[in-house]
Amino acid sequence: MIGIVDYGMGNLFSVSKALERIGVPYIISDKKEQLDKTDGLILPGVGAFRDAMKLLDETNLSEFIIEQADKGKPILGICLGMQLLFDESEENGVFKGLGLLKGKAVLFPGESNGERYKVPHMGWNKLKFHQDSPLTAEVHADHVYFVHSYFITGEERDALVASSDYFEEVPAVVGKGNVFGMQFHPEKSGDLGMALLKNYTQYVQNTEVEV
Amino acid sequence: MLTKRIIPCLDVKEGRVVKGIQFVELRDAGDPVELARAYDQQGADELVFLDISASHEGRKTMVDVVQGVAAELAIPFTVGGGINALEDMKRILRAGADKVSLNTAAVLRPELIREGAEYFGTQCIVVAIDAKWDEEAGTWRVYTHGGRKSTDKLVIDWVKEAASLGAGEILLTSMDRDGEKSGFNIALTKAVSEAVNIPVIASGGAGGSEHFTEVFTEGKADAALAASIFHYEETSVKEVKAHLKNEGVNVR
């Protein structure tokens, strides 16, 4: 059973529908006691970092997510949800994240070698795999759908599973221990996105969490 | 690197796709979900649904359409038409759409762009612009109400304003080219793409694969949208992409 964390932001509908398509049971909840009973969490997110962290703090879900991660429960952050897993973000000021992964979210400069380029990074970009991960088992590097203006930098190299090139090296899949993130939207990334999501749910199934 | 996007556009009225869709393989050419799936299979990078319902009931039906598409497909899509307030955006985005497109409502009240961007993030807010060449002004003018009303806004000023208010993308339709099949408006697309730092979707005038190459290379578009040439199977997304690949344009 997957628990989709409902803290008031994010496109829960398409994530939950994607899980239905691959036949994985899930609940959508903002209640700790319900989420605690699940085998793995998904932290979705669309919108601004500050607002999302504020909501997570107000509902004490940030504390709860950190506890869950500490006891070994798999967690997957998607898009903004991935950025929330890191130390901090520079989106509209400097704001603290959950601190489960090292690194921070910074704005695409929009300029490279004197050439201007478009921000947000929006559309289909190709993944480049850096190391093996349960998430990328038996999938081939192809295109996935990104929409974001901030990207993660300063991550630990051994946490970088896959990246994409958009004038910067953009961490696309990250993972350390039981904590994972995808900067793109797997639920919107066709067959590859669905395969990655399925790999995560498979990993959740195979992971024993102490209660 | 990021690929150039090909985006078929579907007009939806009271929950049904209208304007002669002629896909032979479809059982029901009016079913938005079935059509969306057909385009997904052809390799469409995104879809745009334009709600042209005149009635309040029709608008409500759009929510069901959005849920249906989001439940079935794993590609992003935008919904435009009849989005006049933050409440409308919430309705559509919560039903599973990835972006909403604002047109007339944003011209009448530009703050709407900011409200949407602050609530959902800039990436959810597409500003659609109907542009027509104004001989007297020597530049393009913004039209509203489905191209029926001229405004006092010039296109280049308006895109800059929209971008500064938080638009995440511009959907630019050339009224001079729309339906002509003589190619996208390259000069307009290039001028807009260079005026702002957000992605620009070119629309209006697609008649064949070569027009897509042109709008990406010379027009500097980030994406290109077309309706009738795809609906009538004059070409397919697959064919256009094969052509683009051949011409050295990066596509998925």
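Is B:Glu87 buried, partly exposed or exposed, and at what relative accessibility? At 53% relative accessibility, B:Glu87 counts as exposed, where exposed means over 50% relative accessible area, buried under 20% and partly exposed in between (1.4 Å probe, protein chains only). The structure is a predicted model, in which local features need pLDDT of at least 70 and side-chain atom pairs count only at pLDDT 80 or more, while totals for chains, interfaces and linings use all residues. Residues are numbered from 1 along each chain as its sequence is written, chains are lettered from A and ligands numbered from 1 in the order in which they are written, and side-chain values use heavy atoms, with hydrogens and water left out.

Helices (H or I, at least four residues) and strands (E, at least two) are DSSP runs numbered from the N terminus.

In chain A, A:Asp51 forms a salt bridge with A:Arg50, the closest N and O atoms being 3.6 Å apart. A:Asp51 is partly exposed at 26% relative accessibility, and A:Arg50 is partly exposed at 37%. In chain B, B:Asp51 pairs with B:Arg59, again in a salt bridge, with the closest N and O atoms 3.6 Å apart. Here B:Asp51 is buried, its relative accessible area being 5%, whereas B:Arg59 is partly exposed at 23%. A network of salt bridges links B:Arg5, B:Glu46, B:Lys99 and B:Glu169. Over all chains, a search of the whole structure finds 28 salt bridges.

Attention now turns to the interface. Chain A contributes 31 residues to the contact and chain B 41 residues, contact meaning heavy atoms within 4.5 Å. About 2700 Å² is buried between chain A and chain B, with carbon and sulfur atoms giving 55% of this area; buried area is the accessible area (1.4 Å probe) that two parts lose on being put together, summed over both. A:Lys118, A:Met122 and A:Trp124 supply 28% of the area that chain A buries against chain B, more than any other three residues. A:Lys118 also forms a salt bridge with B:Asp222, the closest N and O atoms being 2.8 Å apart, and the count between the two chains is two salt bridges. On the side of chain A that touches chain B, the elements giving two or more residues are helix H1 (12-21), strand E10 (121-126), strand E12 (143-148) and helix H6 (190-206). The largest share, six residues, comes from E10(A).

The largest nonpolar core has 81 residues, of which B:Phe49, B:Ile113, B:Ile170 and B:Phe212 touch the most other members. Such a core is a set of buried Ala, Val, Leu, Ile, Met, Phe, Trp, Tyr and Cys residues joined through side-chain atoms within 4.5 Å. Not counting residues up to four places away in sequence, the residues that B:Phe212 touches include B:Ile6, B:Phe184, B:Val240 and B:Leu244. A second, separate core of 32 residues includes A:Ile4, A:Leu76, A:Leu196 and A:Val204.

Note on methods
Salt bridge = Lys/Arg side-chain N within 4 Å of Asp/Glu carboxyl O.
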